[in-house]
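Please look at the structure below with this report beside it.

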Amino acid sequence: MAIRHPAIASKAAKAAKAARVAKARRHAAEGKNTVETPLSKSFTDPRDVLVKPVVSEKSYALLDENKYTFIVAPGANKTQIKQAVQAVFDVKVTGVNTINRQGKRKRTKTGFGQRAGSKRAIVTLAEGDRIDIFGGPTA
């Protein structure tokens, strides 16, 4: 469902949103859990979200800016990635940027194929926090 800017939304859409917000507030006050995440979309272990770190020249150049690059699970969102990095490495995350990279098209004897695509996350840490698995600059 596309989200419209408030100035563009119709009166009916504004009324429907107000009703949803009121219902969510009422349920929160009563202690009801209004949203249940299905098991297929939830990650039980934070290490399921982070697949592996990216070791490349570009990712090492980002270490100076306190940014770390990971290959992550394709179904993970930014909030899940942030929580996983904080849980696994015990650091404070200030920002997460994600990239969906398509696999390269490769030619073979029999025709064309395609490598698997991947989802990457560039995680910005708070000042003073470091992740040592990259072996970056020591300061």
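A charge is said to sit over a ring if NZ of Lys or CZ of Arg is within 6 Å of the ring centre and within 35 degrees of the ring normal. By this rule the charged end of Arg 105 sits over the ring of Phe 112, 3.8 Å from its centre, and the charged end of Arg 107 sits over the ring of Phe 112 as well, 5.6 Å from its centre.

The model is predicted, so local features need pLDDT of at least 70 and side-chain atom pairs count only at pLDDT 80 or more, while totals for chains, interfaces and linings use all residues. Residues are numbered from 1 along each chain as its sequence is written, and side-chain values use heavy atoms, with hydrogens and water left out.

**The chain**

The protein chain has three helices and six strands, where helices (H or I, at least four residues) and strands (E, at least two) are DSSP runs numbered from the N terminus. Along the sequence these elements follow the pattern α-β-α-β-α-β-β-β-β. Of the 139 residues, 25% count as buried; buried means under 20% relative accessible area, exposed means over 50%, and partly exposed lies in between (1.4 Å probe, protein chains only). A contact means heavy atoms within 4.5 Å, and of the contacts with a separation of 6 or more, 58% are between residues 24 or more positions apart.

**Helix H3**

Helix H3 (residues 78-89) has twelve residues and spans 16 Å from its first C-alpha to its last, close to the 16 Å expected at 1.5 Å a residue; the expected span is 1.5 Å times one less than the number of residues. Which residues of H3 are buried? They are Gln 80, Ile 81, Ala 84 and Val 85. Seen down the axis of H3, these buried residues fall within an arc of 130 degrees, so they line one face of the helix, the arc being that of the directions from the helix axis to the C-beta atoms. The buried residues of H3 pack against strands S1 (50-53), S2 (67-72), S3 (93-101) and S6 (118-125).

At the N-terminal end, Asn 77 caps H3, with a side-chain oxygen 3.2 Å from the backbone nitrogen of Thr 79. Thr 79 itself lies in H3, and its C-alpha atom is separated by 8.3 Å from that of Val 96, 17 residues apart along the chain.

**An aromatic pair**

Rings of Phe, Tyr and Trp (its six-membered ring) pair if their centres lie within 6.5 Å; planes under 30 degrees apart count as stacked, over 60 as edge-to-face and the rest as tilted. The count by this rule comes to one aromatic pair. The centres of the Phe 70 and Phe 89 rings are 5.8 Å apart and their planes stand at 25 degrees, so the pair is stacked. Because Phe 70 lies in strand S2 and Phe 89 in helix H3, the pair ties together parts that are 19 residues apart in sequence.

**Positive phi and accessibility**

Asn 66 has a positive phi of about 65 degrees although it is not a glycine, and it lies in the loop between helix H2 (57-62) and S2. Asp 90, which follows H3, is in the loop between H3 and S3, and its phi is near 55 degrees, again a positive value in a residue other than glycine.

| Residue | Relative accessibility | Class |
|---|---|---|
| Phe 70 | 2% | buried |
| Asn 66 | 13% | buried |
| Phe 89 | 23% | partly exposed |
| Thr 79 | 49% | partly exposed |
| Asp 90 | 68% | exposed |

Methods
Polar contact = N/O pair within 3.5 Å; in protein donor to acceptor, adjacent residues only side chain to side chain.
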